[in-house]
Amino acid sequence: YVVGDERDLIGLRANYRTPPEDVYLYRTNATKENIRRLFLEYISKINRLHESPEFYNTATTNCTTNIVTHIQAFQQRVPLSWKMVLTGYFPELVHERGGLDQSLAFTDLRRQSLVNGRARDADGATDFSRRIRLGLPGMR
């Protein structure tokens with residue numbers, strides 16, 4: 001787990017890594033209550049890791065499999081898919097299951113959700129979070 005704000009996490013990947021990583025920002029269709037539950041699951045796990053560290057396993061315990069594990073804590077069943085293990089496919093899976101904006105095909109949603117240019121333009125701005133969201137699909 002890496003804990004930081006958007007400027008740290010998105011800015012690092014889009015502005016300071018060489019080569020820059022492609023960074024996408026999607027608006028989820030999850031309810032506020034489920035977002036809160038997911039956040040609390042993350043905090044609980046981070047606190048448990050502080051007390052009892054675990055090894056990171058890219059194949060079985062990675063960023064996407066951890067999301068699924070946390071969601072399973074409050075949602076009965078999350079059908080498994082190979083797209084959960086190959087992390088680059090996870091946003092497409094979430095879109096297929098209705099968790100992201102359905103007004104666009106995933107290829108269009110992905111193209112429009114790339115925030116690298118916005119992150120570069122907003123680097124150092126006090127309103128970084130607002131500026132990276134301007135004009136993104138589903139963002140207010």
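Where does Met84 lie? Met84 is found in the loop between H3 and H4, where helices (H or I, at least four residues) and strands (E, at least two) are DSSP runs, numbered from the N terminus. Before I continue, please note that this is a predicted model, in which local features need pLDDT of at least 70, side-chain atom pairs count only at pLDDT 80 or more, and totals for chains, interfaces and linings use all residues. Residues are numbered from 1 along each chain as its sequence is written, and side-chain values use heavy atoms, with hydrogens and water left out.

Let me stay with Met84 for a moment. Met84 counts as buried because its relative accessibility is 5%; buried means under 20% relative accessible area, exposed over 50%, and partly exposed in between, with a 1.4 Å probe and protein chains only. Contact here means heavy atoms within 4.5 Å. Not counting residues up to four places away in sequence, Met84 touches Asn62, Thr64, Thr65, Val68, Val78, Pro79, Phe90, Leu93 and Arg97.

I turn next to helix H3. The buried residues of H3 are Thr64, Thr65, Asn66, Val68 and His70. These buried residues pack against H2 and helix H4, residues 90-96.

How do H2 and helix H3 pack? The angle between H2 and H3 (residues 63-72) is about 110 degrees, and their axes are 9 Å apart. Axes are lines fitted to C-alpha atoms, for helices over the stretch in contact, and angles run from 0 to 180 degrees between N-to-C directions. H2 and H3 are therefore roughly perpendicular to each other; on this scale, angles under 35 degrees count as roughly parallel, over 145 as roughly antiparallel, 65 to 115 as roughly perpendicular and the rest as oblique. The crossing of H2 past H3 is right-handed, a crossing being left-handed if the near helix is turned anticlockwise from the far one by less than a right angle, and right-handed if clockwise.

Which residues make this contact? From H2 they are Leu38, Glu41, Tyr42 and Lys45, and from H3 they are Ile67, His70 and Ile71. By type, the contact holds four nonpolar residues, one polar and two charged. In this scheme Ala, Val, Leu, Ile, Met, Phe, Trp, Tyr, Cys and Pro count as nonpolar, Asp, Glu, Lys and Arg as charged, and the others, Gly among them, as polar.

Two further residues of H2 deserve attention. Lys45, in helix H2, is buried, with a relative accessible area of 15%. Outside the four places on either side in sequence, Lys45 touches Tyr1, Glu54 and His70. Leu49 also has its place in helix H2, but Leu49 is partly exposed, at 21% relative accessible area. With residues up to four places away in sequence not counted, Leu49 touches Tyr1 and Glu54.

Phe74 lies in the loop between H3 and H4. Phe74 is partly exposed, with a relative accessible area of 25%. Leaving aside its neighbours within four places in sequence, Phe74 is in contact with Asn34, Arg37, Leu38 and Glu41. Between Phe74 and Asn34 there are 8.2 Å in space, C-alpha to C-alpha, although they are 40 residues apart in sequence.

I now come to the aromatic rings. Rings of Phe, Tyr and Trp (its six-membered ring) pair if their centres lie within 6.5 Å; planes under 30 degrees apart count as stacked, over 60 as edge-to-face and the rest as tilted. By this rule there are four aromatic pairs. In one of them, Tyr1 and Tyr42 are edge-to-face, at 5.6 Å centre to centre and 85 degrees between the planes. This pair links distant parts of the chain, 41 residues apart: Tyr1 is in the segment before helix H1 (6-16), and Tyr42 is in helix H2 (residues 32-51). Tyr1 is partly exposed at 39% relative accessibility, and Tyr42 is partly exposed at 22%. Elsewhere, ring pairs link Tyr24, Tyr26 and Phe106 into a cluster.

Finally, a point about the backbone. Thr18 and Pro19 are joined by a cis peptide bond, with omega about -5 degrees. Pro19 lies in the loop between H1 and H2.
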